[in-house]
Amino acid sequence: MKMIRYGLIVAGVILGSLLIVTSARAHKDKHTPQQLKAFEEVFMEQVRVGDLLFHGDDATAKKLNVELSRTGMACAMCHPFGSDNHPHEFPKFQEQIGQFATLRDMINWCIEKPNEGVKIDPDSPAMKALEAYIYWSNRGSKLDPGRH
Amino acid sequence: MDENQRERDELQKTLQGEGKRPDRSLKITRRTFLHKSVMTGAAGVATYGWFPLIGTLDLVVGQAGQPAAAFKFAWISDNHLYPKDVNTRFVDKAVRAVKEVQAMKPAADFLIHGGDLAQLGDPVELDLGNDILKEVKIKKVFIPGEHDWYLDMGQKWTNLFGQSNWTFDHKGVRFVGLDTVSRGPDYWTAKKMSPKERMGHMATLDGSVAGAWAGVGRDQLQWLNQTLSSWDKAKPIVIFSHNPLYEYYPPWNFWVRDWREVQEVLRPFSNVTNIHGHTHQVLYNELGKMRSIGMLATSWPWPYAPEGVPALTRCQVRADPGDHFDGVGYSRLTFTAANKIENEYVMWRKDVFAEAPSDSGCADNVNQNVHPRIADQEWPYYGAYK
């Protein structure tokens, strides 16, 4: 009996060790400074593209095949520094749209109504870049979803 | 932002000293008391005591016993006209303002146009604006905005409207028009920018390339000093400028960089009113002995700056972006027979002032923290303004 008990204990320890090793391997490795820099660069590149779109840069709009305005108005003309965008308040009931809306819904509403542009695919690179710039320029704002 | 706060503290310390207030001949009417009663409920404002909060602002500008003749004048600015084939909305609103000024009864003695008639300084835009303004048959005076100037450095604007600063006396008031836009630091030569590129950066309110372009300049300060030297220190002075003559929010040039020197020139005078454009919003401030009133644009309203909104300002209603006639308009100003100026914001769609925080253009931003853009801080720019 003693031998069996010892055998079970040893088997348990081995199994436990294997689980620990496997589990550790399932997690990602420690981040290197180079990785963190690369992650940031990916994000900031999108912020820059979004910044240019937001400020009415024709070349960037052409490159992404979007027409965000036909009135000469750019997003930044009502939202300097990304102010009054309130990304921290979405999702919420949006009065102008008359329904529960996300930030992407509102971006498209602004493109279509005040700017008289052509609304864009909500999952398109242009939308993601605009969203990146709007969130980045409002970093540090207090999260307050649903606020009117 | 810390630098902004440092500047603002200095401005308050320098100009808001004991007894440094606009002339005591100021009288508070029932209307301004009503405004006060609304505002004293808001935290942080009650400490400003009895100072008036404008809706329509009544204030005495003449000396007691020396009544001036009654007259009206009107302010229109910040039309930001594009060529008609690009944008007809801005044209419609400029036309509406012009028609309403022309229809004023009794008629206004003159119209002051406060700058930014054009959006990109294009001669087509300036000619369009000039044609629209021809419908106003009364006397017209003009000061430039930065959008009018930096494509050809003011050549077309000057050809159309003449000298960019001037003065005249009218019924006991000395009026001065200042040019606060043409003396910006040269950001274009070293980078070999085309006129269009230069204009593009200047036309971007939150851009970081054009820098602190708003200023009066040493030469014009000397001219202002000389212009006012013969004027009685107690008599009213009204100064028109595109930018406010104090520091509200420098990153958007909601200031003039040499406000200290301007205030030094104005210090001996007890009745100075600065009426300015550029900020596209209801704005009121008192600094030292000068009161300052911001005018509406006809084009679109700017949001209130993330910080620095003068506590004396009673904020306007949040504009509905779906209605391009909301949050914009012009001003009718009246010198009454009792020597008072009344400023009336003519905002086309809604009430001018917010009664509840949820409707206020200021209170709406309590949880907001915003930051300057970056895409124009790199050189050479990729994509920008090509």
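Two residues count as in contact if their C-beta atoms, placed from the backbone, lie within 7 Å. The model is predicted; local features need pLDDT of at least 70, side-chain atom pairs count only at pLDDT 80 or more, and totals for chains, interfaces and linings use all residues. Residues are numbered from 1 along each chain as its sequence is written, with chains lettered from A and ligands numbered from 1 in the order in which they are written.

Chain B has 386 residues, of which 51% count as buried. Buried residues have 20 or more other C-beta atoms within 10 Å of their own C-beta, placed from the backbone; exposed residues have 12 or fewer, and partly exposed ones fall in between. The chain holds nine helices and 12 strands. These are DSSP runs numbered from the N terminus: helices are H or I with at least four residues, strands E with at least two.

Six strands of chain B form an open sheet in the order β5-β6-β7-β8-β10-β9, with mixed pairing. Strands pair if DSSP finds at least two bridges between them. β5 (166–170) and β9 (283–287) of chain B each have a single partner strand, so one side of each lacks a neighbour in the sheet. The twist averages 20° from one strand to the next. Within the sheet, β8 (residues 272–276) and β10 (residues 290–294) of chain B pair in the parallel sense over five bridges. B:Asn274 has B:Ser292 of β10(B) as its bridge partner.

Helices α8 (residues 218–229) and α9 (residues 259–266) of chain B have axes that come within 10 Å and cross at roughly 15°. Axes are lines fitted to C-alpha atoms, for helices over the stretch in contact, and angles run from 0 to 180 degrees between N-to-C directions. α8(B) and α9(B) are therefore roughly parallel (under 35 degrees; over 145 is roughly antiparallel, 65 to 115 roughly perpendicular, the rest oblique). From α8(B), B:Leu221, B:Leu224, B:Asn225 and B:Leu228 meet B:Glu261, B:Val262 and B:Val265 of α9(B). Five residues of this contact are nonpolar, one is polar and one charged. Nonpolar covers Ala, Val, Leu, Ile, Met, Phe, Trp, Tyr, Cys and Pro; charged covers Asp, Glu, Lys and Arg; the others, Gly among them, are polar.

The contact between chains A and B takes 32 residues from chain A and 28 residues from chain B. On the side of chain A that touches chain B, α2(A) gives the largest share, four residues.
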